[in-house]
Amino acid sequence: MDSETRRLYFSFFNEIGIIAQLSRALMEARLPKGLILPHFSVLNHLVRLGDEPTPQRLARAFQVPNTTMTHTLSGLEARGYITMRKNPKDGRSKCVSITEKGRRFREKAIASLDPDIAVLAEQLAAKDIAELAERLGEIRRVLDAYRDKKA
């Protein structure tokens, strides 16, 4: 690979990484004490995909060890944001689902970002953000497929 291509793609991922750090700090500042972005991210994932994944499948999706995901799920379950039941397919693993309380919490957490989003919206047009979100979704799908292919 030539150095200009490498520099371009590295710059792209570097900007995404910085944006991820900044957005994480915004979100975590709005979450209740004891909750961090991984908790919110699992709830968001469950709403977005709408199925009942196993903890192992969630760990793979988030690219974290099973023990880390188990800890995250335990915190969500203790707060009543998710439930876990035996997997009817094998009876050994669990299926994770979001509760109505978890859905309400997710919506409230998103709404808590309104002041931060308002500042961003003053400087960036909604149509530009919509276009960027669509393009980033395409890139995410490519990277998801690449991750799954490697696994």
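This is a predicted model: local features need pLDDT of at least 70, side-chain atom pairs count only at pLDDT 80 or more; totals for chains, interfaces and linings use all residues.
Residues are numbered from 1 along each chain as its sequence is written, and side-chain values use heavy atoms, with hydrogens and water left out.

**Overall fold**

- The protein has 7 helices and 2 strands, which here are DSSP runs (helices H or I, at least four residues; strands E, at least two) numbered from the N terminus.
- Along the sequence these elements follow the pattern α-α-α-α-β-β-α-α-α.
- Taken along the principal axes, the C-alpha atoms fill a box of roughly 50 × 40 × 25 Å.
- Of the contacts (heavy atoms within 4.5 Å) with a separation of 6 or more, 52% join residues 24 or more positions apart.

**Surface and burial**

- The accessible surface (Shrake-Rupley method, 1.4 Å probe) comes to about 10800 Å², and carbon and sulfur atoms account for 58% of that surface.
- Buried residues make up 23% of the 151 residues; buried means under 20% relative accessible area, exposed over 50%, and partly exposed in between, with a 1.4 Å probe and protein chains only.

**The largest pocket**

- About 2500 Å³ of space lies in the largest pocket. On a 1 Å grid over the protein atoms alone, a pocket is an open set of points where a 1.4 Å probe fits, with protein on both sides within 12 Å along at least five of seven lines, and lining residues have an atom within 4 Å of a point. Points are joined across faces, edges and corners, and the volume is the space filled by probe spheres set on them.
- Its lining has 49 residues, and those nearest the centre are Ile16, Ile19, Ala20, Ser23 and Leu136.
- Two or more lining residues come from each of H1 (3-30), H2 (37-49), H3 (55-62), H4 (66-78), H5 (100-111), H6 (114-123) and H7 (126-150).
- H7 gives the largest share of this lining, with 12 residues.
- By class, the lining has 30 nonpolar, 8 polar and 11 charged residues. Ala, Val, Leu, Ile, Met, Phe, Trp, Tyr, Cys and Pro count as nonpolar, Asp, Glu, Lys and Arg as charged, and the others, Gly among them, as polar.

**The second largest pocket**

- About 150 Å³ of space lies in this pocket, and Tyr9, Phe12, Phe13, Ile139, Val142 and Leu143 line it.
- H1 and H7 are the elements that give two or more residues to that lining.
- The lining has 6 nonpolar residues, with no polar and no charged ones.

**The nonpolar core**

- The largest nonpolar core has 20 residues, and Leu31, Val42, Leu43, Leu73, Ile82 and Phe105 have the most contacts inside it. Such a core is a set of buried Ala, Val, Leu, Ile, Met, Phe, Trp, Tyr and Cys residues joined through side-chain atoms within 4.5 Å.
- At least two core residues come from each of H2, H3, H4, strand E2 (94-98) and H5, with H2 giving the most, 5 residues.
- Leaving aside residues up to four places away in sequence, Phe105 touches Leu31, Pro32, Leu35, Leu43 and Tyr81.

**Two residues to look at**

- Thr99 sits in the loop between E2 and H5, and counts as buried because its relative accessibility is 16%.
- Not counting residues up to four places away in sequence, Thr99 touches Gly80, Tyr81, Ile82 and Thr83.
- Arg140 belongs to helix H7, and its 34% relative accessibility makes Arg140 partly exposed.
- The C-alpha atoms of Arg140 and Ile110 are separated by 21 Å, with the two residues 30 apart along the chain.
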